[in-house]
Amino acid sequence: MRVQLKGDNRLGITYDVLNVLVKSGLDIRNMEVTTHFIYMDIPALRKSELDTLTAAVKSVPGIHEVIAIDLLPTERRRLQLHAVLSSLPEPVIAIDTNGFITQANEAAQAITKQTETKLRNASLDSLLHTPLIATLQESAFHVTETETIFGGETYLLRAEPITSKERSDTKISGSVLIFQRPAQLGRAFSALDTRQATRGFDAILGETEIMQNIKGKALRLSKVDAPLLILGETGTGKELFARACHESSSRNRKPFLALNCAALPENLAESELFGYAPGAFTSAVKGGKPGLLELADTGTLFLDEIGELSPYLQAKLLRFLQDGTFRRVGGTKEIKVNVRVVSATNRHLEDMVSTGSFREDLFYRLNVLSITLPPLRQRKGDIPLLTQHFITRASKQVNCSPPKVSQELLSLFNNHPWPGNIRQMENAIFRAVSLCEGPELSTEDIELSNSEKADLAFAPPNTFDSIPNYKDALETFEKNLFTSLYPLHPSSRKLATVLKVSHTTVAEKLKKYGIPAFAKAHQEN
């Protein structure tokens, strides 16, 4: 039985307690002493004898309480530590200063297929088949990141020293080694990505028929574990769809990592994608570095602007897509990973194939599944929803109350071609909200380039991509007609003369469609 004694912090009180136990014929297997507390493990003590022992011990001056406990403090901490280590998916091994194993968690035991009893007192170098002990001793048992082979697999090793303080000196008594697979780091990077605060297709705004259809198709394709190619103009949300496809797939608990193929020169893009071996080049990290393919193992890798890949990287990526293996830069070992590749581009890959700037075999490897995202001009019914969403978000960012939206502004947005699509619209709204001083956003608050304003003034009639019926098509045509002609004939009377209708009719149409300056037109009546 284990007991806890509570008493005064008196010199010699522990000695007096031990004398009582000796007189009672009780032996102690283990004992711990702290301020005001004495903990003892007494194997021969029975529950029926506890009251007798309590009375005897309380006869010692300063002892106030004797209770039975289940574990000594050190035993409890040891069990809690063991539970923590057992729950970790990463292999964890503790060694002494000579490099002999003192403890190994269940993950390490599973990889080595040995029990902790067999691993204990074994040499770390013999387990890893590499001279690592000398390196640890030279670095005071502290290693931030180095690559090693454990159980036939590649791991990143981190070592932290086990220290204790004796007076003013810090003594190292060993080290704790933590082994991490590159894919586990990939999951950590993915989890820390703040852009994933809202996930899945519910995060994609769009209520028009064309958007509902494309989201439904993307959702179905996300369930198919095959390469996916996302096409669309710049700013249409290709990465947002890629993330949504990942979140709706069976890999949603695995890493999602992205690489912009146009952002890096060929040599850097290669090392980012495939990693590099130790000593691959002058500035390389000493232990080598895993690439995104290793970090994304069992998850999804998104390759944005895939059309910008150099011919050399196209060939290397093709080889990976064929058999799932690759070599690091400067490496000789074949590495095999399980990664779903989702790629995107705003370029016409088929035209690039015909001109020889993009490999035809790679195109067909990437284009197993594909979706084409519509530009904003083909989903104008979503403009009010997007406008309100971006105004609300911009207001939070600049810490102001969300302004209202004037009808003239919605009319401007609806007739603007938006060559930069949703990204351009978001930036224009953010700029307007940041500078707006009134309660309402108007057309004067939106900054568009002169070329865009000219394009807007002389915009051709709507292509009717999303018009469901004749009435709506007629109103759309009428609205575009007045929007295009009014800047050329800026009064209701002038415009009425051109159209050969009454100026009252023109004024009513201007008011109906919220065309800028319709109030001025009314004043001329």
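An open sheet of 5 strands runs in the order E11-E14-E17-E10-E18, with parallel pairing. Here, strands (E, at least two residues) and helices (H or I, at least four) are DSSP runs numbered from the N terminus, and two strands pair if DSSP finds at least two bridges between them. The structure is a predicted model, in which local features need pLDDT of at least 70 and side-chain atom pairs count only at pLDDT 80 or more, while totals for chains, interfaces and linings use all residues. Residues are numbered from 1 along each chain as its sequence is written, and side-chain values use heavy atoms, with hydrogens and water left out.

Strands E11 and E18 form the edges of the sheet, each pairing on one side only. Neighbouring strands are turned by 15 degrees against each other on average, direction ignored; the axes are lines fitted to C-alpha atoms, for helices over the stretch in contact, and angles run from 0 to 180 degrees between N-to-C directions. Within the sheet, E14 and E17 pair in the parallel sense over 4 bridges. Phe 302 stands opposite Val 342 in E17. In general, strands of a sheet pair through backbone hydrogen bonds, either parallel or antiparallel.

Helix H10 (residues 238–247) is mostly covered, with 8 of its 10 residues buried. Buried means under 20% relative accessible area, exposed over 50%, and partly exposed in between (1.4 Å probe, protein chains only). The buried residues of H10 include Phe 241, Arg 243, Cys 245 and Glu 247. Their cover includes helix H9 (209–222) and the strands E10 (228–231), E11 (256–260), E14 (300–304), E17 (340–345) and E18 (369–372).

Leu 293 is in contact (heavy atoms within 4.5 Å) with Leu 273, Phe 274, Leu 301, Phe 320, Phe 326, Val 337 and Val 339, not counting residues up to four places away in sequence.

The secondary structure of the protein chain comes to 23 helices and 20 strands. Of its 525 residues, 44% count as buried.
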